[in-house]
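Work through the exercises below with the sequence and the coordinates at hand. Each task is followed by a stepwise solution.

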Amino acid sequence: MKSVGVVGLGLIGGSLARALKARGECRVLGYDIQESVRLRAKLVHAVDEELTDGRLAELDMLILALYPQATIQWMEEKAHLLRPGTLVVDTCGVKRVVCQRVGALCESLGLTFLGGHPMAGIERSGFEASMGNLFNQASMILVPWGTLPIETLERVKAFFLGLGFGTVKFSTAEEHDRIIAYTSQLAHVLASAYVQSPTALRHSGFSAGSFRDMTRVATMQEDMWAELFLDNREPLLEELDNVLDNLRKFREAIAAGDREKLRQLLKKGRETKEKVNALPRTPYSLF
């Protein structure tokens, strides 16, 4: 890639721009809705130049690091300015809603589209939190739209591995959204619900790793995560129903003083975790 554009210079987009610059193999053009972020990105050499409408036709690759609906809107307004053959990759945390709209649009304009989801992050957001090594050994999920040549898939895979990703996994939009509802979105719902107990404000001196692990992702950016939850409503509701059913079983056993039932529930959880631990190890999301 000789020229790569990044739209949205928050944590993910800013980190991708920094990683690209560190690699030093292409010109990096960046855009953010906030002028202060655009200026800061140029000042710290995270981008070479600002990505204006007039420069969109120069790109070999465009990376969209926006919320899902903003990604769709940006493409509907700007996609016609891209050169046919340009590679377009989004980075949204849900794939069906984005791939269906953006994929069809790209196909109609002769653009090559892959949905993407970098499985990395930290509790902070925004360009100031971005870092060039954020994706080191992380997993990158790619969702090809349509039938793409194997050479294209290999080229995109090599591109992201070159940015530090430890693995690139290809998936369908449906599989991605179904699994991410459990591995990421459910964890955020549980963390937020858990930390809202009145006891949370009185925990000092009574907590260790369990409290820290359970509440770490409760500091999420609410605008983005509310949108992600609703865009992935059905799979997330299914996972919520599963965990609510399991919680009900624990509550009933505790209320009944049923020690053996509790022991069996805990045993099942331990054995399931042991099976999970035995699975092949792959990088996973900090989120």
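Predicted model: local features only at pLDDT ≥ 70, side-chain atom pairs only at ≥ 80, totals over all residues.

**Exercise 1.** Determine the strand order of the open sheet and name its edge strands.

Solution. 
- Step 1: The open sheet has 8 strands, in the order β3-β2-β1-β4-β5-β6-β7-β8.
- Step 2: Its pairing is mixed.
- Step 3: β3 (49-50) and β8 (167-170) each pair on one side only, and these are the edge strands.

**Exercise 2.** Are the residues on the two faces of strand β5 buried or exposed? Find also which helices lie on this part of the sheet.

Solution. 
- Step 1: In β5 (residues 87-90), L87 and V89 point to one side, while V88 and D90 point to the other.
- Step 2: All four of these residues are buried, and both faces of the strand are covered.
- Step 3: Helix α3 packs on the sheet and touches β1 (3-7), β4 and β5. The direction of α3 makes about 145° with that of β4.
- Step 4: Helix α4 (residues 96-109) lies across β5, β6 and β7, at about 150° to β6.

**Exercise 3.** Classify K78 by burial and list its contacts beyond four places in sequence.

Solution. 
- Step 1: K78 belongs to helix α3 (residues 68-78).
- Step 2: Its relative accessibility is 19%. The cut-off for buried is under 20%, so K78 counts as buried.
- Step 3: With neighbours within four places in sequence left aside, K78 is in contact with D53 and L56.

**Exercise 4.** Describe how α6 and α9 pack, and sort the residues of their contact by type.

Solution. 
- Step 1: The axes of helix α6 (residues 173-195) and helix α9 (residues 233-255) are 9 Å apart and form an angle of about 60°.
- Step 2: Because of this angle, α6 is oblique to α9.
- Step 3: The crossing of the two helices is right-handed.
- Step 4: α6 contributes D177, R178, A181, Y182, Q185, L186, V189 and L190 to the contact, and α9 contributes P235, L236, E239, L240 and V243.
- Step 5: By type, the residues of this contact are 9 nonpolar, 1 polar and 3 charged.

Conventions
Residues numbered from 1 in each chain as written. Heavy atoms only, no water. Axes fitted to C-alpha atoms, helices over the stretch in contact; angles between N-to-C directions. Helix = DSSP H or I, 4+ residues; strand = E, 2+ residues; numbered from the N terminus. Parallel < 35°, antiparallel > 145°, perpendicular 65-115°, else oblique. Left-handed = near helix turned anticlockwise from the far one by under 90°. Contact = heavy atoms within 4.5 Å. Nonpolar A, V, L, I, M, F, W, Y, C, P; charged D, E, K, R; others polar. Buried < 20%, exposed > 50% of the residue type's maximum accessible area, 1.4 Å probe, protein only. Pairing = 2+ DSSP bridges.
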